[in-house]
Amino acid sequence: MIKSIQELEEIRKKALEELEFRKQQGEGIRIVVGMATCGIAAGARPVMLKFVEEIQKRNLKNVTVVQTGCIGLCKYEPIVEVYEPNKEKVTYVKMTPEKVSKVVAEHIVNGKPVYEYTIGYEENKEANK
C-alpha cells in the first residue's frame, strides 16, 4: 500500500526508468501467445507462464512476452509467434510448457528456431499422412 506522495513518486520514477530502458533496447524480441478462448482451452496459459519464467530465469532484458487474441489457426493451439527485428516471424504450434525451454534456449538465446515445433513442419507432417 502506498503511504505517501514520495513513495508514489519513487514508483513513477522507477516505471519511467524501465520505460526508457526498453526504448534504448529497441523493439527487441517479442513473444506473442494466442490467448483467445481456443488458445486457453488448449493450454496457452501454462505456456505463457513458462515463457515468462524462462525469460526471467535467464534475465533476458530485450525480450517481452505478450498475449493476443485468436491467431486464426485454432486446430494448432496453443500458438506462439516470435518476432525478431529484421527477421521473419516464426510461428510455433501445439506448444506445451515442456517445449518452451527448448525454444528459449535455441531460438531466443542462440537465434536458431526450433523447426520441428513450427507451423511449416506441422503442416508438412499432416500432408504426408
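On the face of α3 turned away from its buried side lie the exposed residues L49, Q56 and K57; exposed means over 50% relative accessible area, buried under 20%, and partly exposed in between (1.4 Å probe, protein chains only). Helices (H or I, at least four residues) and strands (E, at least two) are DSSP runs, numbered from the N terminus. This is a predicted model, in which local features need pLDDT of at least 70 and side-chain atom pairs count only at pLDDT 80 or more, while totals for chains, interfaces and linings use all residues. Residues are numbered from 1 along each chain as its sequence is written, and side-chain values use heavy atoms, with hydrogens and water left out.

The buried residues of α3 are A44, V47, M48, F51, E54 and I55. Seen down the axis of α3, they fall within an arc of 125 degrees and therefore line one face of the helix; the arc is that of the directions from the helix axis to the C-beta atoms. These residues pack against β1, α2 (37–42), β2, β3 and α4.

| Residue | In contact with |
|---|---|
| F51 | I31, V65, V80, M95, V100, V103 and V104 |
| E54 | V100, S101 and V104 |

E54 counts as buried because its relative accessibility is 2%. Just after α3, N59 takes a positive phi of about 55 degrees.

Definitions and conventions. Contact = heavy atoms within 4.5 Å. Lists of a residue's contacts leave out its neighbours within four places in sequence.
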